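Here is a short report on selected local features of one model.

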Amino acid sequence: MANSYQYTTVESSGNTKLVKDTTNKFFAPIFGIDTNGDGYIGSPAGNPYISIESSGNTKLVKDTTNKFFAQVGQTIPTAINNGGQQIFQNIYAGWQTLAAETVNGQNQVLWKNTAGDYLHIWRLDNNWNWVSSEGKFALNSAAAFTQETNFGIDTNGDGIIGSPYTTVESSGNTKLVKDTANKFFAQVGTNTPTAINNGGQQIFQGKISSLWFRLCCSIQFWTKNFGSTGLSMLNWREQGTGRMSDINDFKDLIIWQKGMDIAQRCYFLTKLFPKDELYGMVQQIRRSAVSIRC
Ligand SMILES: [Ca+2]
Ligand SMILES: [Ca+2]
């Protein structure tokens, strides 16, 4: 049943009340019947609240003086307060009030710092009074995507609510993820994914075999052990990817690329051997390694 909060009762004797709206116009509505299903009894024009966002379980609305309220369904909106003062549009310079929501049982308000492009949340008590503040979640970060999901809104304008990335593989210290356009990224933990490029072009699904990407992430794992040495291996492999989609010569054969990969790894590994093995084990291992692809 809808609520008739926008009306003030003038008299209530008999079976029909006389009420007036916020502009002092008189009505004699039949209470309890929402005839057109718009959630309001009487004229929608009598609703003094403007919806800022209506996602999820709680709406963020403002009145005609731009003061903010949280509203559940069509119940009477509750003023959102900070230190006893109701917040209003542009109350804090550079901040945009995006949404209100009860997240896991706790009332929260989502803010966006427009200059810094980051999100911030307020935690509030059951009466929508500020309790604490949290976060500086950069747009496009995993934390910001979590807020998009929690509040059910798109804060970075990519047309997607929540993370646009899906995981391709998550072994080791770096995940291989792709976006909705099937472009590939490397992601460490929950950091913002980094585009994987070849010659300035981001690689994408379908361009190269899945075998290559497994190798790619394997090499990233090696970077953990060998620092910049591993990174140079990754670069070398990326330069090879352009040829993997078409076989034009022996270098396009996966078996040759694997052999090259092993040789490179052996070279880097033997760099760590004691110096007195330079003309012993180091030489033998390197000669063996380079002979594989021959
Ligand atoms: Ca909401
Ligand atoms: Ca988004």
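## Backbone, sheet and helix pair

N90 counts as exposed, because 11 C-beta neighbours fall inside 10 Å and the cut-off for exposed is 12 or fewer. The model is a predicted one. N90 sits in the loop between strand 9 (85-86) and strand 10 (95-103). Its phi is near 60 degrees, a positive value in a residue other than glycine. Most residues other than glycine have a negative phi.

W128 also has a positive phi, about 65 degrees, and is not a glycine. Its place is the loop between strand 12 (118-124) and strand 13 (130-138). Is W128 buried or exposed? W128 counts as buried, because it has 24 C-beta neighbours inside 10 Å and the cut-off for buried is 20 or more.

The table sets out the two residues.

| Residue | Phi | C-beta neighbours inside 10 Å | Class |
|---|---|---|---|
| N90 | near 60 degrees | 11 | exposed |
| W128 | about 65 degrees | 24 | buried |

Four strands make up an open sheet, ordered 14-15-16-17, with antiparallel pairing. Strand 14 (166-169) and strand 17 (194-195) are the edge strands, and each pairs on one side only.

Strand 14 pairs with strand 15 (residues 175-178) over three bridges, in the antiparallel sense. Within this pairing, E169 has L176 of strand 15 as its bridge partner. Strand 14 and strand 15 form a hairpin, and five residues lie between them. G172, in the turn, has a positive phi of about 70 degrees.

At the other end of the strand order, strand 16 (residues 184-187) and strand 17 run antiparallel and are joined by two bridges. There, F185 stands opposite A195 of strand 17.

The last topic is a helix pair. Helix 4 (residues 254-270) packs against helix 5 (residues 281-292) at an angle of about 170 degrees. Their axes are 8 Å apart. The angle makes helix 4 roughly antiparallel to helix 5, because angles over 145 degrees count as such. The crossing of helix 4 past helix 5 is left-handed.

Which residues of helix 4 and helix 5 make the contact? Helix 4 supplies G259, I262, A263, C266, Y267 and T270. Helix 5 supplies V282, I285, R286, A289, V290 and I292. By class, nine of the contact residues are nonpolar, two are polar and one is charged.

Definitions and conventions. Residues are numbered from 1 along each chain as its sequence is written. Chains are lettered from A and ligands numbered from 1 in the order in which they are written. This is a predicted model: local features need pLDDT of at least 70, side-chain atom pairs count only at pLDDT 80 or more; totals for chains, interfaces and linings use all residues. Axes are lines fitted to C-alpha atoms, for helices over the stretch in contact, and angles run from 0 to 180 degrees between N-to-C directions. Angles under 35 degrees count as roughly parallel, over 145 as roughly antiparallel, 65 to 115 as roughly perpendicular and the rest as oblique. A crossing is left-handed if the near helix is turned anticlockwise from the far one by less than a right angle, and right-handed if clockwise. Two residues are in contact if their C-beta atoms, placed from the backbone, lie within 7 Å. Ala, Val, Leu, Ile, Met, Phe, Trp, Tyr, Cys and Pro count as nonpolar, Asp, Glu, Lys and Arg as charged, and the others, Gly among them, as polar. Two strands pair if DSSP finds at least two bridges between them.
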